[in-house]
Structures are given as C-alpha cells and as structure tokens.
Amino acid sequence: MGQITEHHATVRMDYDGEGILVATINDDIELTLQDILDHREIAARLTRNEPHCVLAIAGERTQATQEAREYAANNVPIGRIAEAVVIKSLTVRILGNFYLQFHKPGVPTKMFDDRYEAMTWLKLQLKRVS
C-alpha cells in the first residue's frame, strides 16, 4: 500500500520504515473537516494505528477551515506521537503559528523550514516512546 493520493494531498509511509507518515499537501488548498477525516482514515490504513509520527509538507497557500482546525487539534488519532509541518511560505507560517497558539494540538507539533530538521525531530519523538 505504497501511497494514496487524494484531491488535497498525497500520503505515504516514509521509505525508511521508521514509523513516519508523510503527507504532502497540494498548493492552494483549503482543508475542510471532510479532508481531515479522509486523511485520518488513510493514516489509519497506512499505519495500522501503530505508533507513528506525521511529517506534513504544507503546500503554498495551504489553509484549513476553522472546523477542520478544531477537529484536528482536539481529536488525536490512535498511535499518533507527534507532527512536524514543513512550511514553504510566510503566509502559511502565520496561519500555522495561529493554529499552534490558539488550538493547541493534542500531540507535540512543531513547524520547520527544512524537511531534514523536521525528520530529525520526528525520529527523536519516536525514540522517546520506544
């Protein structure tokens, strides 16, 4: 079950097999609650609800509805340990900071400019629970 592509993102397990789910979100997307629910279903299939971290690579001008943000922050999927978000633009960084400060996700969540740094942080989070 290599990867799954939806209208809003492509989701796959990291090729190193380290328990990291990679979600690459398309540009110019406003994620809805249904998109979040779809993503969670895909994540459950790919991870089998085993302990995992998520690397979300935000697209240019990615945003989410308030309903989607609230659900994502308050409903942690089974097995999710942490989430890192790679940001490509200032606008998305501002929205991400608002999400982190206002909604306070239920798992450690951090934003990064660099994918390598994000993966390093996620691997550290996985080691802490194993």
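A pocket, as the term is used here, is an open set of grid points with protein on both sides within 12 Å along at least five of seven lines, and its lining residues have an atom within 4 Å of a point. With that in place, I turn to the structure, which is a predicted model.

I begin with the largest pocket, whose volume is about 610 Å³. Which elements give two or more residues to the lining? They are the strands S3 (20-25), S5 (52-57), S6 (63-64), S7 (80-86) and S8 (109-112), together with the helices H1, H2 and H3 (90-103). Helix H3 gives the most, with six residues. By class, the lining comprises 19 nonpolar, six polar and five charged residues.

The second largest pocket has a volume of about 190 Å³. Its lining numbers 11 residues, with Met 13, Arg 45, Leu 46, Thr 47 and Arg 48 closest to the centre. Here H1 gives the most, with three residues. The classes are four nonpolar, four polar and three charged.

Let me close with the packing of two helices. H1, residues 33-47, and H2, residues 66-74, pack at an angle of about 35°, and their axes lie 7 Å apart. On the H1 side, the contact involves Leu 33, Ile 36, Leu 37 and Arg 40; on the H2 side, Glu 67, Ala 68, Tyr 71 and Ala 72. Six residues of this contact are nonpolar and two are charged, with no polar residues.

Key:
Residues are numbered from 1 along each chain as its sequence is written. This is a predicted model: local features need pLDDT of at least 70, side-chain atom pairs count only at pLDDT 80 or more; totals for chains, interfaces and linings use all residues. Side-chain values use heavy atoms; hydrogens and water are left out. Axes are lines fitted to C-alpha atoms, for helices over the stretch in contact, and angles run from 0 to 180 degrees between N-to-C directions. Helices (H or I, at least four residues) and strands (E, at least two) are DSSP runs, numbered from the N terminus. Contact means heavy atoms within 4.5 Å. Ala, Val, Leu, Ile, Met, Phe, Trp, Tyr, Cys and Pro count as nonpolar, Asp, Glu, Lys and Arg as charged, and the others, Gly among them, as polar. On a 1 Å grid over the protein atoms alone, a cavity is a set of points where a 1.4 Å probe fits but cannot get out, and a pocket is an open set with protein on both sides within 12 Å along at least five of seven lines; lining residues have an atom within 4 Å of a point. Grid points are joined across faces, edges and corners, and a volume is the space filled by probe spheres set on the points.
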